[in-house]
Amino acid sequence: MGKINSCLKAVFISFNSLFSAVGLMLIYGLVKSAGMSEMERMDAPSVIWVWVFAICMLGISMLGIHAARTENKSCLKVFAGFMGIGMIVMLIFGIAVAVLKKPTIENFQSDEFAKIMKSGDAKQLLETLQKHLQCCGWTGVEDWGTSIPHSCRCPSSYGKLETAECKSMPEGFTGPSDIYSKSCRHAFVYYVELGFKISLGIIFGFFVIAVIGLIIAINMIHQISHHSSIGQTALALRAY
């Protein structure tokens with residue numbers, strides 16, 4: 001008979017097997033995409049951090065599986081330590097993201113940033129944003145003067161499906177007859193805010209997972225210790 005409750009052990013092993021699979025998929029994805037142009041354009045530190053995250057996830061999960069299968073108290077203590085560290089790291093990241101959210105959004109909404117986006121050097125970037133975010137101008141169509149680029153053109157299907165997406169070209173301007181009605185600043189800030197919300201959700205999710213992992217590991221350690229103490233007491237009674 002094992003020292004750990006069989007149901008608890010099964011849940012713990014399943015829990016770690018899932019994250020082992022996720023870690024393996026991340027590593028596989030990194031290896032497969034190593035030669036792709038999209039990965040080459042990414043900053044090297046970003047790729048390194050993804051590698052570190054994937055390897056740590058795989059390693060800690062495998063440690064948890066081994067500790068549960070062998071009912072090794074020392075390995076469970078190490079696993080619990082990693083879960084405790086993970087909780088602290090996720091808490092720090094969560095606070096940092098929450099603190100940075102407001103000033104980051106305010107920076108993108110500021111007049112100073114609007115001047116940068118209206119400058120000649122940022123025109124190419126603005127046109128790229130217009131194509132992907134379906135918007136026109138950083139603060140509005142007026143950013144382009146009287147000559148509106150083709151990237152502001154709003155397809156006629158948008159006008160039929162969602163009239164708020166398109167508007168007619170203002171008088172005195174040259175360019176597409178139908179243009180996107182929303183500004184790129186509005187669209188960009190929306191996605192930045194969404195990114196912060198998703199990041200906080202992911203961080204909170206990993207924090208909860210670390211808490212659950214820590215609680216289960218401590219429970220399993222307690223069960224092993226309790227089983228060992230019972231066994232020692234029984235041996236002492238027999239010797240007596």
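Modeller: We shall go from the overall fold to the annotated spans, the surface, the charged pairs and the aromatic rings. Please keep in mind that this is a predicted model.

Biologist: How many helices and strands does the protein have, and what pattern do they follow along the sequence?

Modeller: One begins by listing the elements in order. Here there are 8 helices and 2 strands, arranged along the sequence as α-α-α-α-α-α-α-β-β-α. One then looks at the contacts: of those with a separation of 6 or more, 69% join residues 24 or more positions apart.

Biologist: What share of the residues is buried, and what share of the accessible surface belongs to carbon and sulfur atoms?

Modeller: Burial is read from relative accessible area, with under 20% taken as buried. By that criterion, 33% of the 240 residues of the protein are buried. The accessible surface comes to about 14,900 Å², and carbon and sulfur atoms hold 66% of that area.

Biologist: Which residues does the UniProt annotation "transmembrane region" cover?

Modeller: The unreviewed UniProt entry assigns "transmembrane region" to residues 7-28, 48-66, 78-100 and 198-221. In the model, the span 48-66 is 100% helix, with its end C-alpha atoms 27 Å apart. The span 198-221 is also 100% helix, and its end C-alpha atoms lie 34 Å apart.

Biologist: How many salt bridges does a search of the whole structure find?

Modeller: The search rests on the distance between side-chain nitrogen and carboxyl oxygen, with 4 Å as the limit. It finds 2 salt bridges. In one, the side chains of Lys9 and Glu71 meet at 2.9 Å, N to O. Lys9 lies in helix H1 and Glu71 in the loop between helix H3 and H4, so the pair ties together parts 62 residues apart in sequence.

Biologist: Are Lys9 and Glu71 buried or exposed?

Modeller: Lys9 is buried, at a relative accessible area of 19%, and Glu71 is buried as well, at 13%. Lys118 forms a salt bridge with Asp143, whose closest N and O atoms are 3.6 Å apart. This pair links helix H5, which holds Lys118, to the loop between helix H6 and helix H7, which holds Asp143, 25 residues apart. Lys118 is partly exposed at 38%, whereas Asp143 is buried at 13%.

Biologist: How many aromatic pairs are there?

Modeller: Ring pairs are read from the distance between centres and the angle between planes. The count comes to 8 aromatic pairs. The rings of Phe12 and Phe79 have centres 5.1 Å apart and planes at 75°, so this pair is edge-to-face. Phe12 in helix H1 and Phe79 in helix H4 are 67 residues apart. Phe12 is buried at 0% relative accessible area, and Phe79 is buried at 1%. Phe108 and Phe113 form another edge-to-face pair, at 5.1 Å centre to centre and 85° between the planes. Both Phe108 and Phe113 are buried.

Biologist: Which residues do ring pairs link into a cluster?

Modeller: Phe108, Phe113, Trp138 and Phe188 are linked in this way.

Definitions and conventions
Residues are numbered from 1 along each chain as its sequence is written. This is a predicted model: local features need pLDDT of at least 70, side-chain atom pairs count only at pLDDT 80 or more; totals for chains, interfaces and linings use all residues. Side-chain values use heavy atoms; hydrogens and water are left out. UniProt positions are given in the numbering used here, feature names are shortened, and annotations may be inferred rather than shown by experiment. Helices (H or I, at least four residues) and strands (E, at least two) are DSSP runs, numbered from the N terminus. Buried means under 20% relative accessible area, exposed over 50%, partly exposed in between (1.4 Å probe, protein chains only). Contact means heavy atoms within 4.5 Å. Accessible areas come from the Shrake-Rupley method with a 1.4 Å probe; for residues, only the protein chains shown count as cover. Rings of Phe, Tyr and Trp (its six-membered ring) pair if their centres lie within 6.5 Å; planes under 30 degrees apart count as stacked, over 60 as edge-to-face and the rest as tilted.
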